[in-house]
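This report describes one protein structure for a reader who is new to the subject. Please look through the sequence and the model before reading on.

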Amino acid sequence: MCKAVVYIAYATLTASILCLTVMAVDRYYTIVHLRRNLWFRKPELTVPFIWIFSLASMSIFPTIQTVEDHNSQCMLSVYVLGDPYKAIRGLFLYLVVINYLIPLIVMSFLYTIIARRLWFHGGHRNKHSTENREQQETLKRRIVWMLIIVTSAFALCRLPANVVHMIFVMQAWNIEVTPQPIVMFVCFWFGHANSAINPWLYIFPSTKIDTAFKRMVCRETRQSPPSNSVITSNAFLPPEQETVKEESRL
């Protein structure tokens, strides 16, 4: 159980983070390049890839996690990796890079491009009514704010746990910094809580998802009226409106 619990905790955490990263790539190609027929959009391919990568990347923990004989505590035993100080530094730097820095950089970069595409792209003049143009602008603002909120929530929720990881690295460099156990508990709690927060961040800013969620909770059987927040009557839409239309389908 000592090996299994720690391994499952880190593997599921990595899977959650990788899901957010894959979603960012998916949104980038869908909105910016208007490409929907991509291999990683197929769940039968994406889901196994996420789990295999997550389990493989965290497979070091069953090897080094063990119950200490003298105090019966579940502890890291990095001596099997050689120099314990180098092993500690390498292990926690690896976690910071894999589970925080790379995903945050990828999401921030891609979502910035998406936001610029939606917010600053100059739409062509057309014969649509002022009301429809206002609906398009409202939808664009919703999407941009959702991207900002999702990225910020990831960065802020995962930051405390990775600060603790860096403290462990500093201790391996003989820098005396010892956080209290309750502080570490709260830091890691925030990191795992991000996985529970994310679905709600996607539900509320999106009108379509919010409506579907309320209908599911209320167990309504009648079909909801079609949304008029996206213009679908014209066969040819300008690039700006086509981009927003693609995003509304996600």
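## The disulfide and its surroundings

Cys2 and Cys74 are joined in a disulfide, with their sulfur atoms 1.9 Å apart; the term stands for a pair of cysteine sulfur atoms within 2.5 Å. A disulfide is a covalent bond between the sulfur atoms of two cysteines. Cys2 belongs to helix H1 (residues 2-31) and Cys74 to strand E2 (residues 74-76), so the bond ties together parts that are 72 residues apart in sequence. Helices (H or I, at least four residues) and strands (E, at least two) are DSSP runs, numbered from the N terminus. The link of Cys2 and Cys74 is right-handed, with 85° about the S-S bond. The structure holds one disulfide.

The model is predicted: local features need pLDDT of at least 70, side-chain atom pairs count only at pLDDT 80 or more, and totals for chains, interfaces and linings use all residues.

A residue is buried under 20% relative accessible area, exposed over 50%, and partly exposed in between (1.4 Å probe, protein chains only).

| Residue | Relative accessible area | Class |
|---|---|---|
| Cys2 | 14% | buried |
| Cys19 | 34% | partly exposed |
| Cys74 | 36% | partly exposed |
| Cys187 | 14% | buried |

Gln73 lies in the loop between strand E1 (65-67) and E2. Its relative accessibility is 42%, so Gln73 counts as partly exposed. Although Gln73 and Cys2 are 71 residues apart in sequence, their C-alpha atoms are 8.8 Å apart in space. When residues up to four places away in sequence are not counted, Gln73 touches Thr66, Val67 and Glu68. Contact here means heavy atoms within 4.5 Å.

## The overall fold

The protein has eight helices and two strands. Read from the N terminus on, its elements follow the order α-α-α-β-β-α-α-α-α-α. Of the 250 residues, 39% count as buried. Among contacts with a separation of 6 or more, 75% are between residues 24 or more positions apart.

## Aromatic pairs

The structure holds six aromatic pairs. Rings of Phe, Tyr and Trp (its six-membered ring) pair if their centres lie within 6.5 Å; planes under 30 degrees apart count as stacked, over 60 as edge-to-face and the rest as tilted. In one of the pairs, Tyr10 and Phe61 have ring centres 4.2 Å apart and planes at 5°, so this pair is stacked. Tyr10 is in helix H1 and Phe61 in helix H3 (residues 61-64), so that the pair links distant parts of the chain, 51 residues apart. Both Tyr10 and Phe61 are buried.

Tyr28 and Tyr29 form another aromatic pair, which is edge-to-face, with 5.4 Å centre to centre and 75° between the planes. Tyr28 is buried, at a relative accessible area of 16%, whereas Tyr29 is partly exposed at 28%.

## The largest pocket

The largest pocket has a volume of about 970 Å³. The search uses a 1 Å grid over the protein atoms alone, and a pocket is an open set of points where a 1.4 Å probe fits, with protein on both sides within 12 Å along at least five of seven lines; lining residues have an atom within 4 Å of a point. Grid points are joined across faces, edges and corners, and the volume is the space filled by probe spheres set on the points.

The pocket is lined by 33 residues, and the closest to its centre are Tyr10, Leu76, Phe92, Phe168 and Phe188. H1, E2, helix H4 (84-120), helix H5 (130-172) and helix H6 (181-203) each supply at least two residues of the lining. H5 gives the most, with seven residues. The lining divides into 24 nonpolar, seven polar and two charged residues. Ala, Val, Leu, Ile, Met, Phe, Trp, Tyr, Cys and Pro count as nonpolar, Asp, Glu, Lys and Arg as charged, and the others, Gly among them, as polar.

## Ala87 in helix H4

Ala87 is found in helix H4. Its relative accessible area is 10%, so Ala87 is buried. Ala87 and Val169 are 82 residues apart in sequence and 9.7 Å apart in space, C-alpha to C-alpha. Apart from its neighbours within four places in sequence, Ala87 is in contact with Val78 and Leu81.

Definitions and conventions. Residues are numbered from 1 along each chain as its sequence is written. Side-chain values use heavy atoms; hydrogens and water are left out.
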